[in-house]
Each structure stands twice: as C-alpha cells, then as structure tokens.
Amino acid sequence: MNKREKGFLGESIAQKYLKKQGYKIVETNYHASKFAEIDIIAKHKDYLVFIEVKMRFSTVKGYGREAVTVKKQQNIRFAAQHYLIYKIKQDVPVRFDVLEITSLGDVPEIQLIQNAF
C-alpha cells in the first residue's frame, strides 16, 4: 500500500468514526497552500473542528500524534484561518483535534484528541 492509499484508508476510517461520535463532515482535504492542508473539517456541537488524521501501521517511529509537530500545527492554523476568511466569513468557535489511528492487527485502535493544540 503506497502513502496515498494509506492516507485515503486513514481518512475513510476517521470519517466513519467521527460520524459515529456526532461530527458532521463539512469538507475534506482542504488546501490553503502547497504546505497548508486540513484533512477533515467538521461540525461538532457548537464548534467548527479542524481535524488532523494520523494513521500508523507500526509504532517504530512513534505514535501518529507525535507527528503533529509545532510546524505542522502552524500550517494547520494557517489553513484554518484561510478557510474561515474565504469560506465562513463570520465568527464561529473553532477547535483543533487530532485523530490517531494505530493499525497493528485486524482492528485499528482509534484515539480522538480534542483540543489537541
């Protein structure tokens, strides 16, 4: 499975999980620039939530949440600001979540980290 296929699988699993948790998917793979992308934008209760999805098939290089570095967070914030300015055009409460999927066996383990940064 190549990187693109792994990403698609992870986001598919994430969307199903989020829907079961009461999230309403608004948009996926929103690009504000070459380096600033948001995997999933959803509504959850009163919040517009920007979600970074990280899927791992091994923990040798660490957990997915550890890959959401300060630089990655800055890029996500930039993309979120871009989205709010050009798509929403009003004040709304926002939140940044990380959804980590670790697939070491048959059933992936999913951890949703709300207000991750």
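**Aromatic cluster and overall fold**

Phe 50 and Tyr 83 are both buried, a term that stands for a relative accessible area under 20%, with exposed meaning over 50% and partly exposed the range in between (1.4 Å probe, protein chains only). The structure is a predicted model, in which local features need pLDDT of at least 70 and side-chain atom pairs count only at pLDDT 80 or more, while totals for chains, interfaces and linings use all residues. Residues are numbered from 1 along each chain as its sequence is written, and side-chain values use heavy atoms, with hydrogens and water left out.

The protein has two helices and five strands, which are DSSP runs numbered from the N terminus (helices being H or I of at least four residues, strands E of at least two). Along the sequence these elements follow the pattern α-β-β-β-α-β-β. The radius of gyration is 14 Å, close to the 13 Å that the globule rule gives for 117 residues, so the protein is as compact as a globular protein of that length; this radius is taken over C-alpha atoms, and the rule is 2.2 Å times the number of residues to the power 0.38. The C-alpha trace spans about 45 × 30 × 25 Å along its principal axes. Of the 117 residues, 36% are buried, and the protein exposes about 7500 Å², of which carbon and sulfur atoms supply 49%, as given by the Shrake-Rupley method with a 1.4 Å probe, in which only the protein chains shown count as cover for residues. Among contacts (heavy atoms within 4.5 Å) between residues at least 6 apart in sequence, 53% join residues at least 24 apart.

A search of the whole structure finds four aromatic pairs, where rings of Phe, Tyr and Trp (its six-membered ring) pair if their centres lie within 6.5 Å, and planes under 30 degrees apart count as stacked, over 60 as edge-to-face and the rest as tilted. One of these is the edge-to-face pair of Tyr 30 and Tyr 83, at 4.9 Å centre to centre with 85° between the planes. This pair links distant parts of the chain, with Tyr 30 in strand S1 (residues 24–31) and Tyr 83 in helix H2 (residues 70–88), 53 residues apart. Tyr 30 counts as buried at 7% relative accessibility, and Tyr 83 counts as buried at 4%. The rings of Phe 50 and Tyr 83 have centres 6.0 Å apart and planes at 80°, so this pair, too, is edge-to-face; it joins strand S3 (residues 47–56), which holds Phe 50, to helix H2, across 33 residues. Tyr 30, Phe 50, Tyr 83, Phe 96 and Phe 117 form one aromatic cluster.

Charged side chains also meet aromatic rings. The charged end of Arg 65 sits over the ring of Tyr 63, 4.7 Å from its centre, the criterion being that NZ of Lys or CZ of Arg is within 6 Å of the ring centre and within 35 degrees of the ring normal. Arg 95 lies over the face of Tyr 47, at 5.3 Å from the ring centre.

Leu 99, in strand S4 (residues 94–102), is buried, with a relative accessible area of 0%. Beyond its neighbours within four places in sequence, Leu 99 is in contact with several residues, including Ala 14, Leu 18, Ile 51, Val 53, Ile 110 and Leu 112. Its C-alpha atom is separated by 9.4 Å from that of Glu 11, 88 residues apart along the chain. Gly 7, in helix H1 (residues 3–20), is partly exposed, with a relative accessible area of 30%. Gly 7 and Gln 90 are 83 residues apart in sequence and 31 Å apart in space, C-alpha to C-alpha.
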